[in-house]
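Subject: The structure we talked about

Hi there,

Here is the structure I promised to send you. Have a look around it first, and then read on for what turned up.

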Amino acid sequence: MVVTVPSGETMEQLVPTLVRVRRENADLAAVMLRPGVPAEQLPDDLPADLRRLLALTDGPCFGVRASLHPADEIGYFQDLDALADAAGIPNAGDYLNIGSVNEAPLLYDRRDGSIWVARADSGLWYQGCTLERTADSLDGFVSEWVAGPRFPELVRLPAGDGDEDVLAWDDWWRLLQAAGRVPA
């Protein structure tokens, strides 16, 4: 079965569906989709699209390999000196650390709204990494990479013939299957 992710899908269309499917599947313990934070309680300095997402679900955990920071904790993750050193970038302040993927920073580019992941060159990300652009927008990142067929690529899970057993144990992938977002 081929599943197509709708082009132009917004977080407001997607997140409520995922929350409903999560409620229907209590056995997916590693998936956490908390209620959103009222817009007036979100920090004013957050980008508009990040505010939209955190108003829908605050600090979601996409299984054990990827998550977004809760709104009240984002400030704790903004010392990006280690990232600047590890990635060799002079402009770490252009990025907002919004979460993690396999314990490495998930970044929002304040200049254009694109989403980036720090990928370890070898070993741990802070020992040397490169930044990989994953999406042009937060909506696109959530739709394609978090809640779509590119999730295994995001978290570097094997996918394809012979590797289905690995995905079968991933709670977030199982949620996506139950929601009809990826092949069952």
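Predicted model: local features only at pLDDT ≥ 70, side-chain atom pairs only at ≥ 80, totals over all residues.

**The cores**

Let's begin inside. The largest nonpolar core has 44 residues, and the members that touch the most others are Ile 98, Leu 138, Phe 141, Phe 151, Leu 154 and Trp 172. Helix α1, which covers residues 11-24, gives the most to this core, with six residues. There is also another core lying apart from it, made of 14 residues, including Ala 84, Ala 104, Leu 107 and Cys 129.

Leaving out residues up to four places away in sequence, Ile 98 touches Leu 50, Leu 68, His 69, Leu 106, Leu 107, Tyr 108, Ile 115 and Leu 138.

**Helix α4**

As background, an α-helix has 3.6 residues a turn, so residues three or four places apart point the same way. At the start of α4, have a look at Ser 137: one of its side-chain oxygens comes to within 3.0 Å of the backbone nitrogen of Gly 140.

Rolling a probe the size of a water molecule over the atoms shows where empty space is left. In this model the search gives one cavity of 30 Å³ or more. The largest cavity holds about 70 Å³ of space. Its lining is made of Val 15, Leu 18, Leu 33, Leu 53, Thr 57, Pro 60, Phe 62, Val 142, Val 146 and Trp 172. Helices α1 and α4 each supply at least two residues of that lining. By class, the lining of the largest cavity has nine nonpolar residues, one polar and no charged.

The largest pocket has a volume of about 200 Å³. To find the pocket on your screen, select Val 101, Asn 102, Glu 103, Ala 104, Ala 118, Arg 119, Ala 120, Gly 123, Leu 124, Trp 125, Tyr 126 and Arg 156, which line it. Strand β6 (residues 115-120) gives the largest share of this lining, three residues. The lining of the largest pocket divides into seven nonpolar, two polar and three charged residues.

**The loop between β3 and α3**

Two neighbours are worth a visit here. His 69 sits in the loop between β3 and α3. Is His 69 buried or exposed? His 69 has a relative accessible area of 8%, so it is buried, the cut-off for buried being under 20%. The His 69 side chain makes a polar contact of 2.9 Å with the side chain of Asn 97. Not counting residues up to four places away in sequence, His 69 touches Leu 54, Gly 59, Ile 74, Phe 77, Asn 97, Ile 98 and Gly 99.

Pro 70 is in the loop between β3 (66-68) and α3 (81-87) too. Pro 70 counts as buried because its relative accessibility is 13%. Setting aside neighbours within four places in sequence, Pro 70 is in contact with Arg 34, Asp 58 and Gly 59.

**The loop between β4 and β5**

Asn 102, in the loop between β4 (95-101) and β5 (104-109), has a positive phi, near 50 degrees. Glu 103, found in the loop between β4 and β5, has a positive phi as well, near 70 degrees. As for cover, Asn 102 is partly exposed at 37% relative accessibility, whereas Glu 103 is exposed, with a relative accessible area of 72%.

**One last pair**

Asp 85 is part of helix α3, and with a relative accessible area of 65% it is exposed.

Enjoy exploring, and write back with any questions!

Best wishes

Conventions
Residues numbered from 1 in each chain as written. Heavy atoms only, no water. Core = buried A, V, L, I, M, F, W, Y, C linked by side-chain atoms within 4.5 Å. Buried < 20%, exposed > 50% of the residue type's maximum accessible area, 1.4 Å probe, protein only. Helix = DSSP H or I, 4+ residues; strand = E, 2+ residues; numbered from the N terminus. Contact = heavy atoms within 4.5 Å. Polar contact = N/O pair within 3.5 Å; in protein donor to acceptor, adjacent residues only side chain to side chain. 1 Å grid on protein atoms, 1.4 Å probe; cavity = no way out; pocket = protein on both sides within 12 Å on 5 of 7 lines; lining within 4 Å. Points joined across faces, edges and corners; volume = space filled by probe spheres on them. Nonpolar A, V, L, I, M, F, W, Y, C, P; charged D, E, K, R; others polar.
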